[in-house]
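Please find below a note on the structure shown here. The points are numbered and may be read in order.

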Amino acid sequence: MLADVLIVIDMQNDVLCENGQEIWQRERLIKRVNARIAAFRAVHRPIIFVQHHDAWLEKN
C-alpha cells in the first residue's frame, strides 16, 4: 500500500557521500528510492523532492 504522497529528501551525490566515502549501502538505497518513485508515478501519486543548496554541495 502506498501513502498519499512521497517525500524524497537530499538524494544528491554529495549528500550520499561523507568525506569522499559513500554512505553504507548507497546503491541499495538509490535502487529502493527509485523503485518507490516509479511506484508512485505509476499510480499518479504526488512526489515532493527536497534538496539542500548549501555552498559545499557540488553542482551537477
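1. Helices, counted as H or I runs of at least four residues, and strands, counted as E runs of at least two, are DSSP runs numbered from the N terminus. Helix 1 covers residues 26-42, and Arg-26 belongs to this helix. The model under discussion is predicted.

2. The overall fold may be stated first.

3. Contacts across the sequence deserve attention. Taking the contacts in the protein chain between residues at least 6 apart in sequence, 68% link residues that are at least 24 apart.

4. Strand 1 and strand 4 pair in the parallel sense, and four bridges join them. Within this pairing, Leu-6 has Ile-47 of strand 4 as its bridge partner.

5. What are the two faces of strand 1? The covered face holds Leu-6 and Val-8, whereas Ile-7 and Ile-9 lie on the uncovered face.

6. Val-5, Ile-7, Ile-9, Ile-48 and Val-50 make up a nonpolar patch on the surface, and together they have about 410 Å² of accessible area. Strand 1 (6-9) and strand 4 (47-50) each contribute at least two residues to this nonpolar patch.

7. The protein chain exposes about 5200 Å², of which carbon and sulfur atoms supply 53%. Of its 60 residues, 18% count as buried.

8. Which residues meet in a salt bridge? The side chains of Arg-26 and Glu-27 do so, with a distance of 2.8 Å from N to O. The count for the model comes to one salt bridge. In general, side chains of opposite charge can pair when their charged atoms come close.

9. Are the two partners buried or exposed? Arg-26 counts as buried because its relative accessibility is 11%, and buried means under 20%. Glu-27 has a relative accessible area of 42%, so this residue is partly exposed, a class that lies between the 20% and 50% limits.

10. The contact of Arg-26 can be described in one further way. The side chain of Arg-26 also makes a polar contact with the side chain of Glu-27, at 2.8 Å.

Notes
Residues numbered from 1 in each chain as written. Predicted model: local features only at pLDDT ≥ 70, side-chain atom pairs only at ≥ 80, totals over all residues. Heavy atoms only, no water. Buried < 20%, exposed > 50% of the residue type's maximum accessible area, 1.4 Å probe, protein only. Contact = heavy atoms within 4.5 Å. Areas by Shrake-Rupley, 256 points an atom, 1.4 Å probe, with all protein chains shown as cover. Polar contact = N/O pair within 3.5 Å; in protein donor to acceptor, adjacent residues only side chain to side chain. Patch = residues over 30% accessible without salt bridge, like charges linked within 9 Å, V, L, I, M, F, W, Y side chains within 5 Å. Salt bridge = Lys/Arg side-chain N within 4 Å of Asp/Glu carboxyl O. Pairing = 2+ DSSP bridges.
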